Amino acid sequence: MNKPLVGAFLAALLLGAGAAPVVAAEPAQQAQEAASKAGPEAKAVTFAGTVALSNCSGSVVRSPDSAPTDPALVLSNGHCLESGFPGPGEVVVDQPSSRTFTLLNASGDGVGTLKASKIAYGTMTDTDLSLYETTSTYQQIEDSYGIQALELETAHPTAGTAITVASGYWKRTYSCDVDGFVHQLKEGRWTWKDSVRYTPECQTIGGTSGSPVIDDATGKVVAVNNTGNESGQECTDNNPCEVDENGKVTVREGINYAQQTYNMVPCIGAGSKIDLDREGCGLPKP
């Protein structure tokens, strides 16, 4: 996993250990490069709507049917939950939470604090995601900060799509393409299905866990960043391996991955309620 970090001490430790320099390029420069890559009609990807957690990244997201008066949802990884990593087969639903999130504007500046009312959903089974329900509505966030939620794409992404991983924790973006999809991605005790594999340009690091993966052409969220093979080991923690339909194992050192989000959109009902029995909902049940 793109390891969650605990406070500034671990961030400093990461830098001192010889990891890739965590120095953000100028947001305006990054946005310009992303727009150029995606084509003249693409909107520049910015940090607007992303959030920083205490140990990970995330974003304020909505489904196409969300109402302005619905409680806003924050998307991150299951392995970023404050309660720790959910075990294989474990699904967390409607658990109280008072977690806070720093909301960022387009330039990556913190403009406010959002507060969770509960963990609406979280798991590391088949996928690696968490959804927090906040005490603010989408309209309240827009009125207070001028920031709109990122919309979730409803369709399966396609290979070759130009994407940007926007980390609110590091205030840094990574631009690359969807390289393909992995039948099963195994890491330690966990298995994820139909994962997104990035092309090598997206060298995500610890703290980028939970970042939204944004389609450069549409500006919609197609996945949530979650892991990468750090040292070439096979199927161990921080070294996921790919397993195809025939059981063949492939290790791709230095390659990073994300979990698709289109299949969770049908699970979001009126009032931002997560209903795992709704038609088309693809999230694992408890």
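Is Phe101 buried or exposed? I looked it up in this predicted model. Phe101 has a relative accessible area of 1%. Buried means under 20%, so Phe101 counts as buried.

Next I looked up the aromatic pairs. I found 3 in the structure. One of them joins Phe101 and Tyr132. I noted an edge-to-face arrangement, with 5.2 Å centre to centre and 65° between the planes. The angle is over 60 degrees, so the pair takes the edge-to-face label.

Then I placed both residues along the chain. Phe101 sits in strand β5, residues 100-104. Tyr132 belongs to strand β7, residues 129-137. The two are 31 residues apart, so I logged a link between distant parts of the chain. I also checked the cover on Tyr132: it is buried, at 0% relative accessible area.

I turned to another pair, Tyr169 with Trp170. I read 5.0 Å centre to centre and 80° between the planes, again edge-to-face. Tyr169 is buried, with a relative accessible area of 15%. Trp170 also counts as buried, at 15% relative accessibility.

Last, I stepped back to the whole chain. I listed 3 helices and 16 strands. The chain has 286 residues, and 54% of them are buried. I then looked at contacts with a separation of 6 or more: 67% of them involve residues 24 or more positions apart.

Terms used
Residues numbered from 1 in each chain as written. Predicted model: local features only at pLDDT ≥ 70, side-chain atom pairs only at ≥ 80, totals over all residues. Heavy atoms only, no water. Phe/Tyr/Trp six-rings, centres within 6.5 Å; stacked < 30°, edge-to-face > 60°. Helix = DSSP H or I, 4+ residues; strand = E, 2+ residues; numbered from the N terminus. Buried < 20%, exposed > 50% of the residue type's maximum accessible area, 1.4 Å probe, protein only. Contact = heavy atoms within 4.5 Å.
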